Amino acid sequence: MTMIDGLIFGLQILLLVSGCFFFALGTLGLFRFNDTLCRIHALTKIDNLGLGLVILALLTMTPSVASGLKTLLIWWVALAASATSAHLVARAVRIHEPSLPDPLREREHKDG
């Protein structure tokens, strides 16, 4: 094992541990926050960062450029699915809980 291999292995471990740490933080946010919108925010932002770090660790192990591109494609699809599902859940919360304040409407009333 050369010095470069050791550095790459150390980087992989650091990225994987960091990704798992952010996944754990997202899960903690899911349990700690009491508002649905805060829970979704914690999950989509933090878990996407954790997934990105894990994907970066996996990219260093891919045997070819094609498999690296497939790994990146999986990440991009997961990002799109996460954003879309978070938007749909947030819209459903807004429809079913009309008592929530709407910052955009409050701003319009102050300006107008």
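**Entry 1: the start of the chain.** I began with Met1, whose place is in the segment before helix 1 (3-32). Helices here are DSSP runs of H or I with at least four residues, strands are runs of E with at least two, and both are numbered from the N terminus. Met1 counts as exposed because its relative accessibility is 79%.

**Entry 2: ground rules.** I noted that this is a predicted model, so local features need pLDDT of at least 70 and side-chain atom pairs count only at pLDDT 80 or more, while totals for chains, interfaces and linings use all residues. Residues are numbered from 1 along each chain as its sequence is written, and side-chain values use heavy atoms, with hydrogens and water left out.

**Entry 3: a surface patch.** Which residues make a nonpolar surface patch with Met1? I found Phe9, Ile13 and Val17, and the patch covers about 470 Å². Patch residues have over 30% relative accessible area and no salt bridge; nonpolar side chains (Val, Leu, Ile, Met, Phe, Trp, Tyr) are joined within 5 Å, like charges within 9 Å. A salt bridge is a side-chain nitrogen of Lys or Arg within 4 Å of a carboxyl oxygen of Asp or Glu. The areas come from the Shrake-Rupley method with a 1.4 Å probe, and for residues only the protein chains shown count as cover.

**Entry 4: the whole chain.** I counted 4 helices and 0 strands, in the pattern α-α-α-α along the sequence. Buried residues make up 21% of the 112 residues. The accessible surface comes to about 8,200 Å², and 71% of that belongs to carbon and sulfur atoms.

Entry 5: Beyond its neighbours within four places in sequence, Gln12 is in contact (heavy atoms within 4.5 Å) with Ala57, Thr60 and Met61. Thr27 is also in helix 1, but is partly exposed at 37%. I then moved to Phe33 in the loop between helix 1 and helix 2, partly exposed at 38% relative accessibility. Leaving aside neighbours within four places, Phe33 touches Cys38, Arg39 and Ala42.

**Entry 6: helix 2 against helix 3.** How do helix 2 (residues 36-59) and helix 3 (residues 65-96) pack? Their angle is about 180 degrees and their axes are 10 Å apart; the axes are lines fitted to C-alpha atoms over the stretch in contact, and angles run from 0 to 180 degrees between N-to-C directions. The two helices are therefore roughly antiparallel, a label for angles over 145 degrees. Among the contact residues are Leu37, Ile40 and Leu51 of helix 2, and Leu72, Trp75 and Leu79 of helix 3.

**Entry 7: last stop.** Arg94 sits in helix 3 and is partly exposed, with a relative accessible area of 33%. Arg94 and Leu37 are 57 residues apart in sequence, and 9.4 Å apart in space, C-alpha to C-alpha.

Technical notes: Buried < 20%, exposed > 50% of the residue type's maximum accessible area, 1.4 Å probe, protein only. Parallel < 35°, antiparallel > 145°, perpendicular 65-115°, else oblique.
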